[in-house]
Amino acid sequence: RSKNLADDAPVIKGIIRDLSGMEIIEQTGTKIVAQDLIDVSSISIQNIMRRMDVITRSMIDDLLLCIEGKCDPKSIINRDADVNRLYFLGYRVIKNAMENPAVMRELDLNIWHILNHRSVIIRVEEIADTQKRISRLMSNAQLNDEILGGIKEISGDIRNSYNNVMKSFYTNDKKIALETEINHGNLIEKCNKFLALSVKNMVLIANIVEFQKSALSYIRRIARIVLSTD
């Protein structure tokens, strides 16, 4: 309800659009009524995670194309909204399962699985955020070929590391997870060396590298989840 709904409606509708299953069923001059049309107990958290994963992989792939000037950064930014929408839906599914043991059994999960899935969808959403932020910085950057090459190389490392860690999660492959964990330090050192060489555009490059290091840290956390799972 709002006394200034004409001004508030666009913001309210934007929030509702970002929540999966919420639909506006009534709007007057003073109120907007939205209803949740999704039965979260019938939704698979694994399916939500895989959809988030697919979108995030495409964001990482397209960021590499953007570095080469072959992709519009806005497409990456828009897909981050899709990841956020799925994240909020996944959070609702997990919350519902934790509050209802019958739902947990129906989804063939236990509390440990649920906690691990919750941790992973958080990390995937954060990785998607880093790709959005890097693409936003890259859209206005004027960088030489050497700097672009360095950013592209590290982004390629992130893509490989992310693909490997998600494979380890889906298959519970501790060997791949351990390799990801061990390689993390080498990739962070590579980021730091690249930053040290980038004297010009220092602030811009520092921001990009910090987002790249954040993505690598989130990937490492997924690896640790796999390593701690029986």
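Mentor: The model is predicted, so local features need pLDDT of at least 70 and side-chain atom pairs pLDDT 80 or more, while totals for chains, interfaces and linings use all residues. Residues are numbered from 1 along each chain as its sequence is written, and side-chain values use heavy atoms, without hydrogens and water.

Trainee: Are C66 and C191 called buried or exposed, and why?

Mentor: Buried means under 20% relative accessible area, exposed over 50%, and partly exposed in between, with a 1.4 Å probe and protein chains only. C66 has 10% relative accessibility and therefore counts as buried. C191 has 0%, so C191 is buried too.

Trainee: Why is N172 put in another class?

Mentor: Its relative accessibility is 31%, which lies between 20% and 50%, so N172 is partly exposed. N172 sits in the loop between α6 and α7, and has a positive phi of about 55 degrees although it is not a glycine.

Trainee: How is L227 classed, and where does it lie?

Mentor: L227 lies in helix α8. At 31% relative accessibility, L227 is partly exposed.

Trainee: Why are α7 and α8 called roughly antiparallel?

Mentor: Helices are DSSP runs of H or I with at least four residues, strands are runs of E with at least two, and both are numbered from the N terminus. The axes of α7 (residues 174–197) and α8 (residues 202–227) cross at roughly 165 degrees and come within 9 Å. Axes are lines fitted to C-alpha atoms, for helices over the stretch in contact, and angles run from 0 to 180 degrees between N-to-C directions. Angles under 35 degrees count as roughly parallel, over 145 as roughly antiparallel, 65 to 115 as roughly perpendicular and the rest as oblique. The value for α7 and α8 is over 145, so the pair is roughly antiparallel.

Trainee: What qualifies a residue set as a nonpolar core, and how many residues has the largest one?

Mentor: Such a core consists of buried Ala, Val, Leu, Ile, Met, Phe, Trp, Tyr and Cys residues joined through side-chain atoms within 4.5 Å. The largest has 61 residues, and I205 and I222 are among those with the most contacts inside it. Its largest share, eleven residues, comes from α8.
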